[in-house]
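Here are a few friendly notes to read alongside the model. Take them one at a time, and find each residue on screen as you go.

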Amino acid sequence: MMAQNDLVVAGIDVSKDKVDACIRSLSLRRTFPASAQGRRQLIAWLRKHKVGKAAVMEASGGYERDWAKALREADIEVRIVDPKRVRSFARSAGRLAKNDVIDAEMIAWFAETFGEARGQVYDAAREKLVQIVHARQGLLDLQTSLQNRGEHAAPEPVQKMQARLLRQIALELAGLEAAIAALIKATAHFAERAEIIESVPGLAETTAAGLIAAMPELGQVSNKAISALLGVAPYDDDSGKRRGERQIKGGRRRVRNLFYMACLGAATRHNPMLKAFYQRLLAKGKEKKVALVACMRKLIVILNTLIARGEKWDASRYAVS
């Protein structure tokens, strides 16, 4: 019997020069060159074996984009999955060997097991937003690195070079931020989400853009699931009579870091409800970082509920108690 109620799943491992594809339920494997002809051949092969709604590939440093675009233009649905999750799945299944053919099979098996072929519907505008948001973060990282170097003595030509670069980075950042704002404003479902997120005291445009790009599941999954996706859900660490300290694991690191900084400001200055909650946790003896993670969890659950209902922040509903 085929996986997922006869849905034919193809796992596709993408590298720079080729892709390896596997339809595990039919025991079929093929390799295609990274060229226009190779993409046409892959499309024909997938169509022949009735893969129309379940082509799954890993994120591969951008090499997957042309393949995914070609398949989508041919009306073949594509899902991009996190390679770390696939490798963890492979290890849990005892598959320690690794090569491109094995990887394609593991992607297919992973997708069949966890239903990844029925994941988020592709959103071209969100993919564009993701790329711009990531580019902005890359510039911010470079800016921080240069600013840190500027704290140390350097010859005058080096100082001038760093100053020129910092001025140019500032200009490029302004351009990317304007592009992000324009894209969100021009995309109705982005604008609606941004309005809800930014209605929360302490959350501004940057946080809204990051959440829209990295957390499309907001408002569509349970509160427990959204906490796990962000990486702020606590997990037990117990064994027998031992009761270990609960810890957060996994999640989406980039957006979690962004949300951490937003919550830091909200819980200490800008959001009366969250500030009161944070202070109560500190008064109970919680460490600052533990209390802040609890604030992150509380706030992402509130956002999940607001977006699901299409409602903005209501100060009276979240009054300080």
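This is a predicted model: local features need pLDDT of at least 70, side-chain atom pairs count only at pLDDT 80 or more; totals for chains, interfaces and linings use all residues.

1. Is E156 buried or exposed? Its relative accessibility is 52%, and exposed means over 50%, so E156 counts as exposed. Its salt-bridge partner is K160, and the closest N and O atoms of the two are 3.1 Å apart. K160 has a relative accessible area of 45%, which makes this residue partly exposed. Both residues belong to helix α7, and because they sit 4 residues apart there, about one helical turn separates them.

2. Next, please look at E195 and K312, whose side chains also meet in a salt bridge, at 2.6 Å from N to O. How accessible is E195? Its value is 44%, so E195 counts as partly exposed. K312 is partly exposed too, with a relative accessible area of 45%.

3. Now for a pair in another setting. D103 and R87 form a salt bridge through their side chains, with an N to O distance of 3.5 Å. D103 belongs to helix α5 (residues 100-114) and R87 to helix α4 (residues 83-92); the two are 16 residues apart, and the pair is described as linking distant parts of the chain. Are D103 and R87 buried or exposed? Both are buried. How many salt bridges are there in the model? The count comes to 11.

4. With a relative accessible area of 16%, E105 is buried, because buried means under 20%. Which residues does E105 touch, once neighbours within four places in sequence are left aside? They are C22, R24, R29 and R95.

5. The largest nonpolar core has 49 residues, and the members that touch the most others are L129, L211, F259, I300 and L303. Which helices supply at least two residues each? They are α6 (124-149), α7 (156-186), α8 (188-198), α9 (205-214), α10 (223-230), α11 (253-270), α12 (272-283) and α13 (288-309). The helix that gives the most is α13, with 12 residues.

6. Not counting residues up to four places away in sequence, F259 touches L203, T207, L211, L230, M296, L299, I300 and L303. There is also a second, separate core of 22 residues, and among its members are V19, M57, W67 and L71.

7. Finally, compare two helices. Two packed helices are described by the angle between their axes and the distance between the axes. For α11 and α12, the axes come within 7 Å and cross at roughly 90 degrees. The two helices are therefore roughly perpendicular to each other. On the α11 side the contact is made by C263, A266, A267, T268 and H270, and on the α12 side by P272, L274, K275 and Y278. What kinds of residues meet here? The contact of α11 with α12 has 6 nonpolar, 2 polar and 1 charged.

Conventions: Residues are numbered from 1 along each chain as its sequence is written. Side-chain values use heavy atoms; hydrogens and water are left out. A nonpolar core is a set of buried Ala, Val, Leu, Ile, Met, Phe, Trp, Tyr and Cys residues joined through side-chain atoms within 4.5 Å. Buried means under 20% relative accessible area, exposed over 50%, partly exposed in between (1.4 Å probe, protein chains only). Contact means heavy atoms within 4.5 Å. Axes are lines fitted to C-alpha atoms, for helices over the stretch in contact, and angles run from 0 to 180 degrees between N-to-C directions. Angles under 35 degrees count as roughly parallel, over 145 as roughly antiparallel, 65 to 115 as roughly perpendicular and the rest as oblique. Ala, Val, Leu, Ile, Met, Phe, Trp, Tyr, Cys and Pro count as nonpolar, Asp, Glu, Lys and Arg as charged, and the others, Gly among them, as polar. A salt bridge is a side-chain nitrogen of Lys or Arg within 4 Å of a carboxyl oxygen of Asp or Glu.
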